[in-house]
Amino acid sequence: MERTISTDDLSSHADSEHHGSAVRLENVTKRYGDDSLPAVDDVSLTIDPGELVILLGPSGSGKTTLLKMINRLYEPTSGQIWIDNTEVHDLKPPQLRRHIGYVIQQSGLFPHMRVADNIAVVPKLLGWDKKRIARRVDELLALVDLPPQTYRRRYPSQLSGGEQQRVGLARALAAEPTTMLMDEPFGALDAITRAHLQDELLRIHRQLEQTVLFVTHDIEEAVRLAQKIVVMRDGRVVQYDTPVRIVTQPANEFVAELVGADDVLRRMSLLPVDLAIEPLAHFAANGVPEISRDSYLRDALSQLVESGADHLVVVDNNDHPVGALSLESIQRAAAPPEHPATPAAVAD
Ligand SMILES: Nc1ncnc2c1ncn2[C@@H]1O[C@H](COP(=O)(O)OP(=O)(O)OP(=O)(O)O)[C@@H](O)[C@H]1O
Ligand SMILES: [Mg+2]
């Protein structure tokens, strides 16, 4: 973890192997005007290398401002931001672009440039040779599930919204950043395309293990993607915790309302079936409906109701049974929280 980004470091990553950076904010405040309220207010936050962290909060709570200070589109009014052991303030623009990828809602692609050239922007800036760039472009298009032959010569206007976001993602990944900043990247997409891209992001994150900070308004998206969630309100961090704890132990009424903690069905759609698993030994497994371990309690409830079975067998990704669910175990797991609870980790 003790790592300082140096210029040497820029060339030391092999194509196949790289890992995320630690991102640390110390008492970071941003005011846009002298007399205005801070958009980000004394935020201290540590994100571990390789973690996928979601910033969740209502409009105006400071999420975009926080992201843009990490890649220095904005400077903090006070406080410090570190990527590993380097203050971002000390990174020169090419190092910054190399180490921090950035994806936004409107993809930000250059309309007059072909897909391949869009993806090649940062590698060109870093002076890679043509062959290496061409190889990298094809590799990235394949990674985001766009066949290179079909897509490399198209212009952004010849792509669907979802395809544009995939290219935006490929572009941000081009120089193997150790940190990815994603500001509502899937916000403008329809639900199905969005779910696809969420799956892709999870797959790519598992493969590349960069540190990801991902902004969303959408609690379902947050729970689906996050290893940890930062809940923001009025520029401050109100809770920083795992998705399950955010839903089951909201730090205060604000978080409880944000996650709809009082609505049992909503809670069920946010809580993984893992929470309700019982040992298989209690049940007969033959002819019993199966449910994937990646599902949510609400899926399990629907399946119980539809099948009329009194329990379900939970299977892992290899179809191995790992336990069972019953109506009782689901009800127990989805019981409402006793909020406001004592949170495990509240910043400041
Ligand atoms: N360039 C700017 N100049 C002045 N004020 C700004 C600027 N950008 C943002 N703000 C203000 O800072 C606060 C935080 O804005 P920010 O864009 O960070 O919120 P957000 O959480 O990203 O909201 P949204 O979910 O709507 O994108 C808001 O009150 C906003 O009006
Ligand atoms: Mg924003």
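Author: Some questions and answers on this predicted model follow.

Reader: What makes Arg-267 count as buried?

Author: Its neighbour count. Arg-267 has 22 C-beta neighbours inside 10 Å. The cut-off for buried is 20 or more. So Arg-267 counts as buried.

Reader: Where does Arg-267 lie?

Author: Arg-267 is part of helix α13, residues 264-270.

Reader: Is Asp-84 called buried or exposed, and why?

Author: Buried. Asp-84 has 20 other C-beta atoms within 10 Å, and the cut-off is 20 or more. Therefore Asp-84 is buried. Asp-84 sits in the loop between β4 (78-83) and β5 (86-87). Its phi is positive, about 50°, although Asp-84 is not a glycine.

Reader: Why is Asp-234 called partly exposed?

Author: Asp-234 has 16 other C-beta atoms within 10 Å. Buried needs 20 or more, and exposed needs 12 or fewer. The count of 16 falls in between, so Asp-234 is partly exposed. Asp-234 belongs to the loop between β9 (228-233) and β10 (236-241). Here too phi is positive, near 50°, in a residue other than glycine.

Reader: Which residues touch the most other members of the largest nonpolar core?

Author: Ile-54, Leu-213, Val-230 and Leu-297. The core has 87 residues.

Reader: How do you know that this core lies between the domains?

Author: Domain 1 (9-241) and domain 2 (267-333) both give residues to the core, so the core lies between them. The C-alpha centres of the two domains are 35 Å apart.

Reader: What is Ile-54 in contact with, beyond its neighbours within four places in sequence?

Author: Its contacts include Phe-214, Thr-216, Ala-222 and Val-230. A contact needs C-beta atoms within 7 Å.

Reader: How do you know that β12 and β13 pair?

Author: Count the bridges. Pairing takes at least two. Strands β12 (residues 311-315) and β13 (residues 321-326) are joined by 5 bridges, and they run antiparallel. One of the links pairs Val-315 with Pro-321 in β13. The two strands form a hairpin with 5 residues between them. In the turn, Asp-319 has a positive phi of about 65°.

Reader: What classes of residue make up the shell around ligand 1?

Author: The shell has 8 polar, 2 nonpolar and 1 charged residues. Among the residues around ligand 1 are Tyr-32, Gly-62, Lys-63, Thr-64 and His-217. Lys counts as charged, and Tyr as nonpolar.

How values were computed:
Residues are numbered from 1 along each chain as its sequence is written. Chains are lettered from A and ligands numbered from 1 in the order in which they are written. This is a predicted model: local features need pLDDT of at least 70, side-chain atom pairs count only at pLDDT 80 or more; totals for chains, interfaces and linings use all residues. A residue is near a molecule or strand if its C-beta atom, placed from the backbone, lies within 6 Å of it. A nonpolar core is a set of buried Ala, Val, Leu, Ile, Met, Phe, Trp, Tyr and Cys residues joined through C-beta atoms within 7 Å. Domain bounds come from an automatic or database domain assignment. Two residues are in contact if their C-beta atoms, placed from the backbone, lie within 7 Å. Helices (H or I, at least four residues) and strands (E, at least two) are DSSP runs, numbered from the N terminus.
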